[in-house]
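Subject: Structure handover

Hello,

Here is the structure we talked about. Please have a look at it first, then read the notes below.

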Amino acid sequence: MGGPCRIAVTGKGGTGKTTIASLLAASLISAGSQPILTVDADPNANLHEALGLAVAETLGSMREEAFTRAIPPGMSRTAFLAMRFRQVLVESDGLDLIAMGRPEGTGCYCFANNLLSEAMETLQRDYRLVIIDSEAGMEHISRGTIGRPDLILVVTDPGMRGMRTATRIREIAVSLGLDPATMHLVINRDRGIPATDGSLPLPLLARIPEDPAVQEADLEGRPLVSIPPSSPSRRAVAELAGKILAICGGKREG
Ligand code: ADP
Ligand code: MG
């Protein structure tokens with residue numbers, strides 16, 4: 001079984017997807033699991049800021065041009081697209097980032113779906129892990145342009161409303177043909193109040209505590225990955241990273 005282990009981080013806006021995706025990437029790198037490709041699939045893209053990287057271009061902004069512009073002589077459209085993909089890719093130590101961007105213009109990648117997913121598949125082959133920061137509707141995943149996740153983390157706040165949203169997200173995922181067995185709940189901003197056990201919509205994989213260091217970094221506009229490794233959220237995410245590696249390892253043997 002080839003290809004990277006793909007982890008999608010999803011959930012309602014503001015629940016901590018970007019926070020968890022970026023801290024997870026940092027933890028997995030520390031654990032020696034690299035290279036990692038991070039994919040910003042949220043139209044409200046800010047994963048690069050959390051990771052401390054600069055993004056010049058998104059796939060959304062290059063899409064139009066890649067399909068309408070004349071292709072250099074002797075180059076196939078697939079090869080051209082692959083080349084442009086590499087230009088959109090932001091490279092860093094052990095970790096690269098690609099931003100899907102907002103579907104612009106006609107608002108549809110449909111016409112380009114096959115070529116896009118092919119180029120994305122080729123790109124992902126170079127990585128051990130792919131971490132996708134995705135909005136709750138998982139549009140990019142449903143379009144097939146990212147690939148099927150091996151693990152879907154549904155991030156929620158600890159409250160009942162959050163749990164109901166997580167239930168809806170599970171339903172969305174199932175309606176998209178995603179395997180519910182790959183879905184796990186991550187409770188974020190946990191304040192030590194016992195979870196509404198028994199009524200959890202998905203198996204619980206981690207609880208990430210409310211962490212002042214996360215908010216401080218946010219307020220000061222610092223990359224999240226700059227917070228100390230001893231911060232409560234980082235410790236909890238490091239533990240989560242271990243569980244993820246075990247799940248991904250199981251996938252490889254399976
Ligand atoms: P999303 O990507 O789901 O929209 P973010 O990761 O951007 O959510 O987080 C939303 C807000 O919540 C941010 O201001 C972030 O600093 C804060 N936040 C997220 N997780 C935590 C946490 N564990 N402790 C404290 N603040 C957090
Ligand atoms: Mg986000």
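The largest cavity holds about 30 Å³ of space. A cavity here is a set of points, on a 1 Å grid over the protein atoms alone, where a 1.4 Å probe fits but cannot get out. Grid points are joined across faces, edges and corners, and a volume is the space filled by probe spheres set on the points. The structure has one cavity of 30 Å³ or more. Its lining residues (an atom within 4 Å of a point) include Lys12, Thr15, Asp157 and Ile169. Strand S6 (151-156) and helix H7 (160-175) each give two or more residues to this lining. H7 provides the largest share, four residues. Helices (H or I, at least four residues) and strands (E, at least two) are DSSP runs, numbered from the N terminus.

This is a predicted model: local features need pLDDT of at least 70, side-chain atom pairs count only at pLDDT 80 or more, and totals for chains, interfaces and linings use all residues. Residues are numbered from 1 along each chain as its sequence is written, chains are lettered from A and ligands numbered from 1 in the order in which they are written, and side-chain values use heavy atoms, with hydrogens and water left out.

Now the largest pocket. A pocket is an open set of points with protein on both sides within 12 Å along at least five of seven lines. The volume of the largest one is about 680 Å³. It is lined by 32 residues, and Thr18, Thr19, Asn46, Asp218 and Leu224 are the closest to its centre. H1 gives the largest share of the lining, five residues.

Where is ligand 1? It sits in the largest pocket, meaning that more than half of its atoms lie within 2 Å of the pocket's grid points. Around ligand 1 are 16 residues, each with a heavy atom within 4 Å of it. Gly14, Thr18, Thr19, Asp211 and Asp218 are the closest.

Next, the polar contacts (pairs of N or O atoms within 3.5 Å). A polar backbone atom of Gly14 is 2.7 Å from an oxygen atom of ligand 1. A side-chain N or O atom of Thr19 lies 2.6 Å from a ligand 1 oxygen. For Asp211, a backbone N or O atom is 2.8 Å from a nitrogen atom of ligand 1.

Best wishes

Key: A polar contact is a pair of N or O atoms within 3.5 Å; within protein, one must be able to donate a hydrogen and the other to accept it, and residues adjacent in sequence count only if both atoms are side-chain atoms.
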